[in-house]
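Please look at the model shown here, and follow its strands, its helices and the contact between its chains in turn.

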Amino acid sequence: MRFLLRPAAQALAVVSLLGGAVAPNAFAQNASAILVVAGPRTPESLDQEYPPTEATHEAKRNIYERLLAYDTKVVDGVQVENFDKLVGALAESWTVADDKTSITFHLRSGVKSAAGNTLSADDVMWSFERGWNKNANFRWYMSQILGIKSFEEAFKKQDEMTVTVTLPKTSPLIERIWVNNDLGILDATAARKNVTSDDPYASSWLATHSASFAPYQVTKFQSGQEVVYEANPNYYRGVPRLSKIIFREMPTSANRLAALQAGAVDVAEWLSPRELAMLEKNPQLKIWQVFGNYIHRVEMNNTTPPFDNPKVRQALNYLVPREDILKAVYYGKARATKSPISEIYPSYTDEYFTYTQDVEKAKALLKEAGQESGFKTQLGYRTGDQIEEEIAVILKTAFARANVDVELVKLPASTLVEKYSKGTIPMYFFRDMAIVPDAAYVANLWLNSASLINYPKFNNAEVDKLINDALSSTDEAARDAGMKRVQQIVVDEAPWVFLMNPGYQLATRANVAGFSWYTPNSNSWYDLYKK
Amino acid sequence: MRPLSAQRSVAGKATLIIGLVLLAIQFVAIIFAPWIAPYSPETADPINALQEPSLIHFFGTDVSGMDIFSRVIFATRINLLISVTAVAIAFVIGVPLGLAIGYYKGWGSSLAMRFFDFIQSFPVFVLGMVLVSVMGQEIWNVAIVLAVLFTPVFARLIRAEVLSLRDRPFIAAARCSGATDSAIMFQHILPNALTPAIVQISISIGMAILLTAGLSFVGAGVRMPTPEWGLMVSNGAQQMILGIWWVALFPGLAIVFSVLTFALLGDAAKQLFDPQTRSSS
């Protein structure tokens, strides 16, 4: 009989797997409380100190809770953050010194983690201590943005429910920074149980587990396959409507599309604009979209010829057929980027943007730059990024009109990052978002000559001064004027080929509602529900 | 009613003629591509992206608005250039190598065979991907990689023939008459050992076309926007689920057409040169 049992067991296993793919645990729980999500990749780590990626941001959004949050508003049917109004999250209230050199958080009482532990100042202090000593995301924000140099001088527990953060100098971001997705508060009691002598901050455990006061906890983490989020029954804003989120990794967008169409998943993330355009015709599905904070551009190494000449960089900007790209690649789901500052952030202006497609003007600029006969260069893009490849082919043709011969170089993402970090590729695609809605913060990230991610090595002394002034000034009018001037200079000097704000879109089954958008472009399971 | 041997002979000639006609069509495409293709094969025209096949664009356009018919025609150059070059290099290196290691026994021969074992122990496609990744995604690098993969095939074929010939009486007679090793190898053994290698040429070109296309399909071959069939199928495959069938179909058919050509020619060559096949027909 053994020869029969083995194939029978295998067949049973296959049937179970197929069944599981279609309706996971559907018999065990109310289907309307379970959301199955297909995404391109599972988070690389659940630890909020891990370098930010789109996948880790989504995990952080759902399994960490922060001290402050933005109030929300509804724009075009989508709940978004209202950057003009801060509200308390784990901190019920807060006070800021008049000179904006200190902030005191008064914690919300009775807040419990998924493990049942009650929030106290110890959790906040341990989270701060861990972040500071891990020397990664938290430390970067504290030292680079708030200017903190000493942990002991900056972070003080006042009592069981009160914590004060003191800065060495004034900062206009002293409140807004605490909304940041990377600055969640850990359930120190739960995390400390997994501390070892070699791992004093439970980093190994927190890479695959959650311990926070957020609406969800991760109960299963299989890297590259599946992540299961389960609702925190103690969540202070109320029990989440969705009790379980099953996130499945499906690297190919066509597979995510097929799974959504077949009803095997409720949500498909990161579909291409072409796929979204097709799905829009399906009444059983819904496409949610928002023009968020992404900026997709081609960065040029501003220190190597011929891109060290602003006229060459301007010329390339005049060669871009933006309308054609919008139509052929984005199916109208993007908008041209007309500033280095995200279009939804305060102080944004497009008044200095003059780059409409003008081949003759581009040729004239190249002639002035001594590049009348053109030049050869390379443009790097990421393997597997269909959008970048399509734009690259269009740009190659467009640039050739002014005798700029571009070789397209498709590279694995890690190789491309290595190349542009070292400045060994002259042009490359770069898509990024700055998650703090502040023009000075954005400009500091991408345009300050001292920034580590100013990969094009753009260097303008006036821009540096304006950014540094704005980061330490509380005069909002002066900051606004300074950031407008930064945009004028940067648009004129064109360190990038300005391309698109690709927006953020999410495809769901029609019975899924409650889509919301946050600056890290990550979905909030708490807001979503099934009708 | 014709005897079986005569029928086979007719079938063999028909195979040869069909193969030659198909090859001639491809040669015409290679030589006259700039005149046949109505559009530039590498020029994007985003306004006309994803046009269905029509009288304006015979095979439609791709996601960047490039004319697929023009790209399929120009890709014939690239795919056959890579494949024929690779097989030619493999033949030129593999045949003398196989002759030498078959004729001279010893540690050198054993070492060469173990080296071939080493190369051939890897899955061909995986090894091709690794080598192209190391050498860089250039047309000539793809050809060199394929040549490296095919050289052991020719060397082994020739060596096997040489081993069966080197102890034959006519070779002993040549040796007794004072012929040098090189004379024996090139004048007496090689002409009698060459038939399988010649038949293999056509088969290898067909395989090389598939490998070239396969490498490009997985992103390890030539770069965009070079017109190459595998790369075109790869780009089109992503659109199939959206009902955009033409982007992948036509380059796919071109691969079938080209591989079929060399399969037919290989079959015909076997009938022409292989004594066993000839005697049975």
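How many bridges join strand S15 of chain A to strand S16 of chain A? Strand S15 (residues 375–382) of chain A and strand S16 (residues 404–411) of chain A run parallel and are joined by 8 bridges, where strands pair if DSSP finds at least two bridges between them. From S15(A) the chain passes through helix H13 (residues 386–400) of chain A to S16(A), in a β-α-β crossover that is right-handed, a term for a path from the first strand over the helix to the second that runs clockwise with the strands pointing away from the viewer. Helices (H or I, at least four residues) and strands (E, at least two) are DSSP runs, numbered from the N terminus.

This is a predicted model, in which local features need pLDDT of at least 70 and side-chain atom pairs count only at pLDDT 80 or more, while totals for chains, interfaces and linings use all residues. Residues are numbered from 1 along each chain as its sequence is written, and chains are lettered from A and ligands numbered from 1 in the order in which they are written.

The contact between the chains takes 21 residues from chain A and 15 residues from chain B, residues being in contact if their C-beta atoms, placed from the backbone, lie within 7 Å. On the side of chain A that touches chain B, H13(A) gives the largest share, 7 residues, and H8, H9, H11 and S16 of chain A are among the elements that each supply at least two.

In chain B, Ile158(B), Glu161(B), Val162(B) and Leu165(B) of helix H5 (residues 139–165) meet Ile189(B), Asn192(B) and Ala193(B) of helix H7 (residues 181–193).

Conventions. Axes are lines fitted to C-alpha atoms, for helices over the stretch in contact, and angles run from 0 to 180 degrees between N-to-C directions. Two residues are in contact if their C-beta atoms, placed from the backbone, lie within 7 Å.
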